[in-house]
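This report is for a reader who is seeing the structure for the first time. Please look at the sequence and the model before reading on.

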Amino acid sequence: MNQPLLSLRGLKTHFFGDEGTVSAVNGVTLDIPAGQAVGVVGESGCGKSVMARSILRIVEQPGRIVAGEILLRKDDAEIDLAKLPANGEAMRSIRGGDISLVFQEPMTSFSPVHTAGNQLIEVLRLHRGLSKEKAYERAVDLLRMVDVPSPEKVMDSYAWQLSGGIRQRAMIAMALSGEPRLLIADEPTTALDVTTQAQILDLIRDLKRDTGMALMLITHDLAVVAGVADYVVVMYLGEVVERGTVEEIFGAPQHPYTQALLRSIPSISGPPRIRLHAIAGSVPHPFDRPSGCSFHPRCPVAIQGTCDTVDPPLRVVGEGHEAVCHLVGEGQPGSPIFTMQDLETRLPALAREPESARDTMLEVRGLGKSHALHASPLARKRAKVRAVDDVNFELRAGETLALVGESGSGKTTVSRCILRAIQPDSGEIVFRTQAGDRLDLAGLRTAQLRPLRNEMQMIFQDPYSSLNPRMTVFDIIAEPLRVDGAQGKQEQVARVLELLELVGLPREYMRRYPHAFSGGQRQRIGIARALALRPRLIVADEPVSALDVSVQAQILNLLLELQGYLGLTYIFVSHDLSVVRHVSDRIAVMYAGNLVELGHRDEVMESPRHPYTATLLAAIPKPEPRATTSAPPHRGTRPNLIDPPVGCYFESRCPYAVDRCKAERPTWQEITPGRWVRCHRYGELALSGIGADLNSGIHSVHDRSSGK
């Protein structure tokens with residue numbers, strides 16, 4: 001390991017409240033070498049972000065550093081940041097100068113009333129002492145450095161006018177404006193699409209290489225860490241439980257918590273629709289910190305009488321590889337508790353009805369939906385955005401159809417049209433009811449739809465905002481029962497208790513409020529509410545995107561088990577293709593309101609026929625050390641759906657596009673039974689699927705193309 005640029009020694013940050021003291025960071029010791037990347041991983045509530053804020057001395061009240069050192073090496077001397085006044089001149093010069101922070105959500109980090117350029121210029125003038133003119137020039141250069149297209153235009157734009165990827169790039173440019181020696185990136189890609197995430201990760205790797213700065217990458221996504229970090233630090237409940245090189249952590253994990261996190265990841269190349277190894281329970285509240293090893297209540301190999309009473313020792317596994325566990329090194333020095341072969345094993349697949357026995361439940365034909373934009377009262381005509389345009393597919397009873405694509409591709413709009421949460425402008429949505437009737441939902445009035453609501457329900461993306469904080473769990477789950485006319489309190493209580501058992505929650509939770517639960521528990525409550533009226537069709541809109549990888553595994557297992565037990569049919573909306581491959585039977589790929597590819601899961605993932613599908617697959621982060629993604633090239637922009645192009649909507653971003661693509665819109669055609677695609681050149685292209693290098697395929701085929 002190189003000479004440490006920053007060292008934490010026994011850092012403790014506590015929050016003092018009326019109910020007691022919360023030890024958010026509880027004695028963290030770690031080093032960040034100069035010019036190297038350190039990934040800090042762990043579930044939500046493990047103290048990762050509080051540790052980062054402690055380094056920059058921006059912990060909000062009532063929190064404060066109570067012990068430990070934060071040693072920054074500068075000008076051949078060590079400065080203990082923990083001893084500097086948080087708002088003193090010395091700390092302000094270090095904050096943004098020597099050390100910068102990229103926040104998780106750039107939309108809330110930028111001022112909504114100042115342009116991005118004004119905020120960049122302000123930082124440059126403060127930390128670099130530049131004139132306004134020089135600061136403007138430098139800001140434009142920084143935006144170019146982070147590959148922002150049309151930087152002068154971005155300088156004059158407000159944050160809410162920029163896409164998520166451009167906002168994050170502008171945030172990184174601002175963090176780089178002080179030429180920091182250490183960049184702390186706190187979940188920098190969590191809210192981004194898989195393609196945008198790949199671009200941001202490539203950018204961070206390139207900046208580290210070109211500038212020589214050190215990087216602390218904070219995330220719960222182990223695949224992101226594997227492709228970026230040189231060293232990995234695993235945190236649990238405010239403590240470091242394992243640290244080592246990225247090869248050691250992923251190749252021979254020692255701590256049961258590290259192994260459990262790795263086991264929870266859905267494999268992009270492994271068998272689909274199987275039970276994942278989920279971690280039992282959830283991270284306890286720091287008020288209820290367990291005695292002995294903090295992880296012992298959730299550990300499958302905990303030793304009773306030891307792990308629950310005695311603090312575990314720090315064991316040295318190898319050079320630079322350490323773990324805090326009673327079991328590490330048992331048997332022989334440095335031997336892991338489990339081997340990597342154990343980590344690759346998966347539980348058996350869930351039994352289900354064969355595809356040949358399934359009837360068609362839903363037929364979507366020519367579905368279209370436009371949204372009117374807000375316009376001036378003086379405008380003669382309000383502009384419209386074509387959110388969904390000519391969407392066609394079928395859904396079989398008992399299957400899972402995944403709708404995938406980037407944000408803004410129309411996935412959620414399609415699902416809401418199917419549920420008639422919004423009224424489509426055109427097309428048919430033919431639904432086969434439980435009684436066997438075939439009804440066009442698009443043409444039904446509200447009163448006619450009401451009897452069908454109990455057959456179709458939705459699971460929402462955000463388990464925090466989708467539950468009413470003023471209602472108990474009983475009231476939340478029983479509300480659909482009351483609306484449906486369930487008679488008597490006893491009947492409602494019995495059904496709620498049945499649903500809680502079904503989703504794996506204790507009956508004692510019935511009288512509690514949502515704030516008392518973790519994200520995974522809240523999502524289970526949302527699933528119970530969706531199942532209250534015994535639906536046949538469930539639309540799951542990004543149901544695990546807001547959850548940690550460990551909790552994600554629990555919810556995915558639950559959804560698959562419920563499907564087998566209750567015979568449910570799922571429309572699964574997601575942009576995470578690893579999750580999609582794990583749960584789906586068929587995959588429908590959307591781009592700019594169009595379906596561009598549809599087929600069986602393995603066909604679409606292993607041999608895509610549309611360039612956009614291949615781009616999505618190449619951008620999937622892989623939980624393998626030093627694995628790189630193939631970020632799509634910065635070629636063109638997404639189409640303007642207010643005034644759509646005449647030809648293919650993907651033409652401006654497609655490396656295979658020819659003249660025909662620009663002048664003629666491709667048709668939606670069935671190329672083999674059950675396999676559909678919207679592309680002029682699907683028969684000519686040899687596109688790469690999972691596990692292959694997309695870029696090599698792009699170059700080889702592009703060289704043979706006829707040109708634009």
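A polar contact is a pair of N or O atoms within 3.5 Å; within protein, one of them must be able to donate a hydrogen and the other to accept it. The model described here is predicted.

## Threonine 115

Threonine 115 sits in the loop that links α3 (106-109) to α4 (116-128). A polar atom of its side chain lies 3.4 Å from the backbone oxygen of methionine 155. The cut-off for a polar contact is 3.5 Å.

Apart from neighbours within four places in sequence, threonine 115 is in contact with Met155, Asp156, Ser157 and Tyr158. Threonine 115 counts as buried because its relative accessibility is 11%, and buried means under 20%.

Strands of a sheet pair through backbone hydrogen bonds, in either a parallel or an antiparallel way. In this model, four strands form an open sheet with antiparallel pairing, in the order β2-β1-β4-β5. The edges are taken by β2 (20-33) and β5 (77-80); each has a single partner strand, so one side of each is left without a neighbour in the sheet. On average, neighbouring strands of this sheet are turned by 10° against each other, direction ignored.

Strand β1 (residues 4-17) and strand β4 (residues 63-74) run antiparallel and are joined by eight bridges. Serine 7 has leucine 71 as its bridge partner in β4. Helix α1 (residues 48-55) packs on the sheet, where it touches β1, β2 and β4. The direction of helix α1 makes about 110° with that of β1.

## Cysteines

How many disulfides does the model have? The count comes to zero, where a disulfide is a pair of cysteine sulfur atoms within 2.5 Å. For cysteine 307, the closest cysteine sulfur belongs to cysteine 293 and is 6.1 Å away, which is too far for a bond.

Cysteine 307 is buried, as its relative accessible area is 6%. Cysteine 417 also counts as buried, with a relative accessibility of 0%.

## Leucine 685

Leucine 685 is placed in the loop between β24 (675-677) and α23 (694-704). Is this residue buried or exposed? At 10% relative accessibility, leucine 685 counts as buried.

Proline 608 is 77 residues from leucine 685 in sequence. In space, the C-alpha atoms of proline 608 and leucine 685 are 9.7 Å apart.

Methods: Residues are numbered from 1 along each chain as its sequence is written. This is a predicted model: local features need pLDDT of at least 70, side-chain atom pairs count only at pLDDT 80 or more; totals for chains, interfaces and linings use all residues. Side-chain values use heavy atoms; hydrogens and water are left out. Helices (H or I, at least four residues) and strands (E, at least two) are DSSP runs, numbered from the N terminus. Buried means under 20% relative accessible area, exposed over 50%, partly exposed in between (1.4 Å probe, protein chains only). Contact means heavy atoms within 4.5 Å. Two strands pair if DSSP finds at least two bridges between them. Axes are lines fitted to C-alpha atoms, for helices over the stretch in contact, and angles run from 0 to 180 degrees between N-to-C directions.
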